[in-house]
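Work through the exercises below on the salt bridges of one protein. Try each task before reading its solution.

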Amino acid sequence: MDEEGELDLARAMIRLYGSDAQSVAAGHAETHADMGDASKSEKWRRIAAAVGSLRVQTQARN
């Protein structure tokens, strides 16, 4: 998944989970890490970071 795809997924997570989106994404990262899937874990860590970044950008606009 490319960076734009991860941003789209981060936006979808925000729409679906609202203020819990970052923790849900971080939970997915932990789950994949526990299962030994480092690449998926890293992907979900990037998505969690993107959710946080999008939240900061949104707050800065308001």
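**Exercise 1.** Which side chain meets that of Arg11 in a salt bridge at 3.1 Å, N to O?

*Solution.* The model is predicted, so local features need pLDDT of at least 70 and side-chain atom pairs count only at pLDDT 80 or more, while totals for chains, interfaces and linings use all residues. Residues are numbered from 1 along each chain as its sequence is written, and side-chain values use heavy atoms, with hydrogens and water left out.

Step 1. Recall the term: a salt bridge is a side-chain nitrogen of Lys or Arg within 4 Å of a carboxyl oxygen of Asp or Glu.
Step 2. The partner of Arg11 at 3.1 Å is Asp8.
Step 3. Both residues belong to helix H1, three residues apart, about one turn of the helix. (Helices, H or I, of at least four residues are DSSP runs, numbered from the N terminus.)

**Exercise 2.** Find the network that contains Arg11.

*Solution.*
Step 1. Arg11 also forms a salt bridge with Glu4, at 3.7 Å from N to O.
Step 2. Through shared partners, Glu4, Asp8 and Arg11 are joined into one network.

**Exercise 3.** Which residue forms a salt bridge with Glu6, and is Glu6 buried or exposed?

*Solution.*
Step 1. The partner is Arg46, with the closest N and O atoms 2.6 Å apart.
Step 2. Arg46 lies in helix H3 (residues 38–61) and Glu6 in helix H1 (residues 3–17), so this pair ties together parts 40 residues apart in sequence.
Step 3. Apply the cut-offs: buried is under 20% relative accessible area, exposed over 50%, partly exposed in between (1.4 Å probe, protein chains only).
Step 4. Glu6, at 8%, is buried, whereas Arg46, at 37%, is partly exposed.

Conventions: Helix = DSSP H or I, 4+ residues; strand = E, 2+ residues; numbered from the N terminus.
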